[in-house]
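Subject: Structure handover

Hello,

Here is the structure for you to take over. My notes on what was found in it follow below.

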Amino acid sequence: MNGRGLAALVTMILPVMLGACAEDPLSLGSEKVPGAGVDTRDVTISVSDLPSWRDTTLTGFARPSTAPFVYVTAGTDVSSRGLARFHVPDTIRTFVDTLPAAKFEEVEFVLGFDTIRSEFTDFPITVRLVELGERFEPHDATWQEAAAGVPWTEPGGSLGVEIASGVLEAVSDTLLMTPAVAEDSLMKAWRRTAGGNGFAIVLDGPETKLRVTQMALRYDPTLVGRTIPVPQSQFWDERAFILDPPQPPTGTELRVGGLPASRIYFEFVPPGIVGEAGLEGATVSQAEIILHPLAEPDLYAAERTIEARKVSLLGDPFEVGEKTPIGSGDLLTTTLDPARLREGEPVRLDITVLMAGAVRDSLRRLRIGLRADPDAQALGYWEFGSAESPPEFQPRIRIVFSSAPAFTVP
């Protein structure tokens, strides 16, 4: 066969082969393959449409006594005082021995401020340390009580003798304060009474909000039998702050942040059918919980962004007990921006990985937490709608998925 005949034969055979491929339902790329035409759906549903949903806010993971700062203000809307106590040791250790102190000299208090989060107005600002009339308990003290069941003589702490004071003439990150009382007598009294009742940090002057991050007590004790002082420095042993008015208790709304620190917890079972499509065994390409912010709180609303971290829980957060449910947290955080929350912009928590795992083989129960990271960085918080809120504020679940094909191509 010459070359012209071979070309003609190929020309005749090729359309036949192409036609055969187009008619073969198992041919690669054919739209007639069973299960190959699965649609991808983007569905958003209210949590009230789920087979099971629970949400709650738990509070108390960090309190004023465990916060990394002490908040002090004398504002028109909020008043706050810091409470502190120093335990002066019975003996002082040197390089060669340990001896009791015979005399205390050169005593001073050093306050450290967070100048970024403090709010200074006009100057000068007077900071005072004032002896308390009752002994405070750091974990239980409130504006009304010095300890659980023990009211102050005066709300906010009955104030006695001024221990020391200092004046801020301009923005500064430290303030040195020398005692206004006999140094040696004060230190020996604190040593004898394990810090005594403690003292309050109060402000005089223009409206100012101070975050005290540290307080140190420096002194030069002369030891028994020695003549040369041994300089010492120690940080406060017990501290807290009290607020008037106090932060409101958590209700059915979902809250993140604040002091005491609040966290959100969810527990739910994915639905078997979303719209008209089955979810079990589906391929989930995206899933998220959508939270709707409520109106700005009257007091203690977050003033700066809150970085929140999502956590998949190992325990049941609805069984309240001594242990906090723990799990693995996301490396990335979700930013809660007060400006956007004030405008009502929803917060979206990505749960794609968790949802994909839950529907891969069976519709497993999901438990998720959302917490400020780290806890107790600020007084401010924000609240979101819960399952008990009006429908427009209830959380929603958004799922982008492709249902499992009815037939698998071999």
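Which residue forms a salt bridge with Arg 371, and how far apart are the closest N and O atoms? The partner is Asp 373, and the closest N and O atoms are 3.9 Å apart. A salt bridge here needs a side-chain nitrogen of Lys or Arg within 4 Å of a carboxyl oxygen of Asp or Glu, so this pair counts. Arg 371 is partly exposed, at 23% relative accessibility, and Asp 373 is partly exposed as well, at 24%. Please keep in mind that the model is a predicted one.

Salt bridges

The count for the structure comes to 23 salt bridges. Side chains of opposite charge can pair when their charged atoms come close.

Arg 398 and Asp 42 form one of these bridges, with 2.6 Å between the closest N and O atoms. This pair links distant parts of the chain, since Arg 398 sits in strand E27 (residues 396–402) and Asp 42 in strand E1 (residues 40–46), 356 residues apart. Arg 398 is buried, with a relative accessible area of 18%, because buried means under 20%. Asp 42, at 46%, counts as partly exposed.

Another bridge joins Glu 296 and Arg 342, where the closest N and O atoms are 2.8 Å apart. Glu 296 belongs to the loop between E20 and E21 and Arg 342 to helix H3 (residues 338–342), so the bridge ties together parts that are 46 residues apart in sequence. Both ends are partly exposed: Glu 296 has a relative accessibility of 37%, and Arg 342 has 46%.

There is also a network of salt bridges, which links Arg 54, Glu 267, Asp 316, Arg 365 and Arg 367.

Aromatic pairs

How many aromatic pairs does a search of the whole structure find? The search finds twelve. A pair of aromatic rings is described by the distance of the centres and the angle of the planes.

In the pair of Trp 53 and Phe 266, the ring centres are 5.4 Å apart and the planes meet at 40°, so the pair is tilted. Trp 53 is in strand E2 (residues 52–59) and Phe 266 in strand E17 (residues 262–269), so the contact ties together parts that are 213 residues apart in sequence. Trp 53 is buried, at 13% relative accessible area, and Phe 266 is buried at 0%.

For Phe 109 and Trp 190, the centres are 6.2 Å apart and the planes are at 65°, so this pair is edge-to-face.

Backbone points

One runs from Phe 123 to Pro 124, with omega near 5°; Pro 124 is in the loop between strand E6 (98–113) and strand E7 (125–132). Another joins Asp 244 and Pro 245, with omega about 0°. Pro 245 is in the loop between strand E15 (238–244) and strand E16 (254–257).

Two alanines have a positive phi although neither is a glycine. Ala 194 has a phi of about 55° and lies in the loop between helix H2 (183–192) and strand E12 (199–204). Ala 376 has a phi of about 60° and is found in the loop between strand E25 (366–372) and strand E26 (381–384).

Are these alanines buried or exposed, or partly exposed? Ala 194 is partly exposed, with a relative accessible area of 36%, whereas Ala 376 is buried at 5%.

Surface charge

Asp 77, Glu 119, Glu 207 and Glu 303 form a negative surface patch. Glu 303 lies in the loop between strand E20 (283–291) and strand E21 (306–313). Glu 303 counts as exposed because its relative accessibility is 54%, and the cut-off for exposed is over 50%.

Regards

Notes: Residues numbered from 1 in each chain as written. Predicted model: local features only at pLDDT ≥ 70, side-chain atom pairs only at ≥ 80, totals over all residues. Heavy atoms only, no water. Patch = residues over 30% accessible without salt bridge, like charges linked within 9 Å, V, L, I, M, F, W, Y side chains within 5 Å. Areas by Shrake-Rupley, 256 points an atom, 1.4 Å probe, with all protein chains shown as cover. Lys, Arg positive; Asp, Glu negative; His and termini not counted. Charge placed at Lys NZ, Arg CZ, Asp CG, Glu CD. Helix = DSSP H or I, 4+ residues; strand = E, 2+ residues; numbered from the N terminus. Buried < 20%, exposed > 50% of the residue type's maximum accessible area, 1.4 Å probe, protein only. Phe/Tyr/Trp six-rings, centres within 6.5 Å; stacked < 30°, edge-to-face > 60°.
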